[in-house]
Amino acid sequence: MAHNLFDALRREFDNALSDALPRDTGRVIEAGDGVFQVAGLPKTASQELLEVTTSSGTVLALASSLDEFSIGAIVLAGSSVVRVGDRVKSTGVTLSLPVSDELLGRVIDPLGRPLDGKGDFKEEGMKKYPLERNAPSVVARESVSVPLHTGIMAVDAMIPIGRGQRELIIGDRQTGKTAIALDTILNQKNESGKPVRCIYVAIGQKQSKIAETVELLREAGALEYTIVVSAPASAPASLQYLAPFAGCAIGEYFMDKGEDALVIFDDLSKHAVAYREISLLLRRPPGREAYPGDIFFLHSRLLERSARMSKEYGGGSLTALPIIETQLGDVSAYIPTNVISITDGQIYLESTLFHQGIRPAINVGLSVSRVGSAAQTKAIKKVAGKLRLELAQFRELAAFAQFASDLDAHTRAKIVRGKLLTEVLKQSDRAPISMPLMVVALYAALGGHFAEVLESRLHDMLSKLLATLEREQQPLLAAIDTEGAVSESSEKTMTAVIREVVSSFGFTDTK
């Protein structure tokens, strides 16, 4: 009875307020912690920008919840404090971001404002892209078949990523998730053909870490084709919530131009926490792990915008590499399972492997690319076809060998070969390998050319092999890069160079 009476009084109050104010004006009835409730504004749409007139200035806000009697809004910009009674005006404009090629090499916030001290952007030539946009239809898409090389042998050989794919990078903190994403950006300098435009979205990170990332990209010469969207831990939850949508909108601008773009969300775990904070403040009912019920829809509508468009629709692509941080390897938690089900595969990084010195610490058994070899260069497919199977057999035999006192010669040979392949796949951070060099290294390892090389000298020999190829075999590398395959003449040249380098190191029994 009391509840019905309250609803009736609330409805009467709202009607009286809407009669007293113009149709596009409302009043703040509750405010605090970066969110507020507005009475009135019956024509307001979701994601519409609102202007709040306070005693000390104008504040921009975003209509987030459209309830029966009020609108829940989140504060976006403006230092003034929103108070009860402040007037709110609808703008009729949904939140959008000004985008152009001028953003390349810059650091911006999710609203498109520069953060690098290099001055404002020129308005002419800028296009407005909405932060929320429908994903491309199935008719406009094309199957993923063009590779996006990361420069990491373990990924390109066993978990290939295609342009237009959504590949999740998942693992505990400090296992090298960001390193894989940054190596992928750095490796785009090694790629021939149209350049891939990269967007790195930093969500909830320390400001110092973001500054280090920007400096790393600048020193490597990768910032010229990269845009950094920064929403650090010190930023309001509203900006952290909008950051991945801003990065996606920038990527769509390049995709619509017929170019290839790569967007990295680092990371969506912190994005989910920011959205949970906003939702709880707006009094949305909490669900599992206190996240709102639409958190799955939030991430799915974000990642679904990644696509490879058909030629009739421009032929561009947008590839997404979302990052998720797990707690003690628990991939069955709410957010990890959500994003795993949305994406086209995952690269799973294991802390145990990381502490064993295997870098990148990729668990090949739990990692998968659902696009598979369709997005793999023929050359890599030819030389690395059996790599995954051999490593899987090695893992099983190694586990068995821990409890076995005596092993036959065949089993020992399998284990030695597995250790050798694991050693070959080890790779330092910030050292991506171009596709042709990767083909030669994998050809040598899987072809048995390293069988008698001492394990401790393997990396020195591999470094010498790659340096020799870059110095003396540019025609060979160019042929592999251009053809995307290994011809008979290329194979003969590779074999000769590999034997020459290996023989210079001498043969050593590894048993």
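1. Basis. The model is predicted, so local features need pLDDT of at least 70, side-chain atom pairs count only at pLDDT 80 or more, and totals for chains, interfaces and linings use all residues. Residues are numbered from 1 along each chain as its sequence is written, and side-chain values use heavy atoms, with hydrogens and water left out.

2. Helices α5 and α6. Helix α5 covers residues 237-256 and helix α6 residues 268-281; they pack at an angle of about 130°, with their axes 8 Å apart. Helices here are DSSP runs (H or I, at least four residues), numbered from the N terminus. Axes are lines fitted to C-alpha atoms over the stretch in contact, and angles run from 0 to 180 degrees between N-to-C directions. The pair is therefore oblique (under 35 degrees is roughly parallel, over 145 roughly antiparallel, 65 to 115 roughly perpendicular, and the rest oblique).

3. Residues between α5 and α6. Contact means heavy atoms within 4.5 Å. Among the residues that meet are Tyr-241, Pro-244 and Phe-245 in α5, and Ala-274, Tyr-275 and Ile-278 in α6. The contact divides into 8 nonpolar, 3 polar and 2 charged residues (Ala, Val, Leu, Ile, Met, Phe, Trp, Tyr, Cys and Pro count as nonpolar, Asp, Glu, Lys and Arg as charged, and the others, Gly among them, as polar).

4. Helices α12 and α14. These pack at an angle of about 55°, with their axes 10 Å apart. That makes α12 oblique to α14. Leu-420, Glu-423 and Val-424 of α12 touch Leu-458, His-459 and Leu-462 of α14. By class, there are 4 nonpolar, 1 polar and 1 charged residues in this contact.

5. The largest pocket. A pocket is an open set of points on a 1 Å grid where a 1.4 Å probe fits, with protein on both sides within 12 Å along at least five of seven lines; lining residues have an atom within 4 Å of a point. The largest pocket is lined by 31 residues, and Gln-174, Gly-176, Thr-178, Ala-179 and Lys-209 lie nearest its centre. Helix α3 gives the most to this lining, with 6 residues. The lining holds 8 nonpolar, 10 polar and 13 charged residues.

6. The second largest pocket. Its lining has 25 residues, of which Leu-353, Ile-358, Phe-394, Arg-395 and Thr-422 lie nearest the centre. The largest share, 6 residues, comes from α11. By class, this lining has 14 nonpolar, 5 polar and 6 charged residues.

Definitions and conventions:
Helix = DSSP H or I, 4+ residues; strand = E, 2+ residues; numbered from the N terminus.
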